[in-house]
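Please look over the sequence and the model shown here before reading on. The briefing that follows begins with one residue and then widens to the chain.

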Amino acid sequence: MMPRSPSRHREGLWGALRPWRAIGAMSLLAALAFGLEAARAQAPAPPQYPDWSGQWRVQGGNRWDPTKPAGRDQDAPLTPEYLGIFEASLADQAIGGPGNDPRYSCLPTGMPRMMTALTPMEFVVTPSTTFMLFENAMPRRVYTDGRAWPKYLEPAFVGYSIGKWIDDDGDGRYDMLEIETRNLKGPRAFEASGLPLHRDNQTVVMERIYLNKANKNILFDEITTIDNALTRPWTVTKSYRREYNPFWYENNCTENNPHIFIGREGYFISADGNLMPIKKDQAPPDLKYFKRPR
């Protein structure tokens with residue numbers, strides 16, 4: 001038998017490797033595309049978009065409507081059923097319980113509560129997507145590329161947000177971002193008092209975000225919540241102050257969180273690792289699956 005020529009040997013070898021070369025090329029292209037998208041996200045916003053750079057800190061504290069005290073004084077337009085749920089939450093918190101606040105066990109705040117932004121947030125503006133990054137919450141993606149609502153998507157605490165940029169004063173530069181958010185899951189509440197949203201999670205949140213024309217270091221977010229726990233749409237306006245030279249902290253709720261739920265009851269882990277009650281005369285958890293000492 002005649003030995004194969006080097007050229008034919010190489011051709012056979014490359015032929016065998018050709019599928020792997022294709023896979024490698026696709027992987028390289030995917031990596032390049034990811035890097036390009038990351039670079040775009042980090043690049044300054046195009047000139048027709050507003051400058052929302054820097055760090056933004058909420059003004060008004062941990063209240064849903066920052067113009068009113070938390071709790072009953074929020075005067076939320078709740079249905080009778082959800083007013084009862086709210087009153088039960090306040091009563092439970094008055095004796096040390098978590099009430100209706102899911103954040104007690106470090107669940108995500110979700111929309112719309114995450115826009116209270118108790119820890120700082122940051123905006124990254126690109127033509128197709130505006131990103132909202134938080135120290136203590138999942139990021140939000142607001143799609144501004146003209147897409148339609150997905151036919152089916154797994155619900156999420158942050159929901160699914162579609163936005164539209166508006167040139168409010170006709171100067172050729174966008175001034176306002178209008179957003180609609182749907183496809184939410186729960187449990188969620190408006191604030192730490194346990195001010196409730198409906199369990200059906202059919203919430204729709206409408207927002208209008210824009211800079212204060214008199215002070216470019218103040219940002220407003222007009223938030224309208226449409227929810228079946230409410231008798232009417234409820235609109236509040238949040239404001240945020242800009243910091244140009246920020247320091248970003250890691251803020252992880254689950255780190256050193258001493259609160260724990262067993263069944264439907266909340267308990268507390270003491271500094272020495274023992275389980276403690278949070279309410280007077282609270283019953284211990286059911287230990288039927290544990291061998292009890294004699």
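## Briefing on the predicted model

Ile269 belongs to strand 11, which spans residues 265-269; strands (E, at least two residues) and helices (H or I, at least four residues) are DSSP runs numbered from the N terminus. This is a predicted model, in which local features need pLDDT of at least 70 and side-chain atom pairs count only at pLDDT 80 or more, while totals for chains, interfaces and linings use all residues. Residues are numbered from 1 along each chain as its sequence is written, and side-chain values use heavy atoms, with hydrogens and water left out.

**Surface**
- Ile269 is partly exposed, with a relative accessible area of 32%, where buried means under 20% relative accessible area, exposed over 50% and partly exposed in between (1.4 Å probe, protein chains only).
- The protein chain exposes about 17800 Å², of which carbon and sulfur atoms supply 56%, and accessible areas come from the Shrake-Rupley method with a 1.4 Å probe, with only the protein chains shown counting as cover for residues.

**Overall make-up**
- The protein chain has two helices and twelve strands, and 38% of its 294 residues count as buried.

**Strand pairing**
- Strand 9 (residues 234-243) runs antiparallel to strand 1 (residues 55-59), and five bridges join them; two strands pair if DSSP finds at least two bridges between them.
- Within this pairing, Val58 stands opposite Tyr240 of strand 9.
- Strand 9 is also joined to strand 8 (residues 215-226) by eight bridges, again in antiparallel fashion, and Phe220 has Ser239 in strand 9 as its bridge partner.

**Two buried residues**
- Thr225, found in strand 8, is buried with a relative accessible area of 0%.
- Leaving aside neighbours within four places in sequence, Thr225 is in contact (heavy atoms within 4.5 Å) with residues including Trp64, Pro112, Phe190 and Trp234.
- Asp92 lies in helix 2 (residues 80-94) and is buried, with a relative accessible area of 18%.
- The side chain of Asp92 reaches the backbone nitrogen of Gly99 at 2.8 Å, and beyond its neighbours within four places in sequence Asp92 is in contact with Gly97, Pro98, Gly99 and Lys279.

Technical notes. A polar contact is a pair of N or O atoms within 3.5 Å; within protein, one must be able to donate a hydrogen and the other to accept it, and residues adjacent in sequence count only if both atoms are side-chain atoms.
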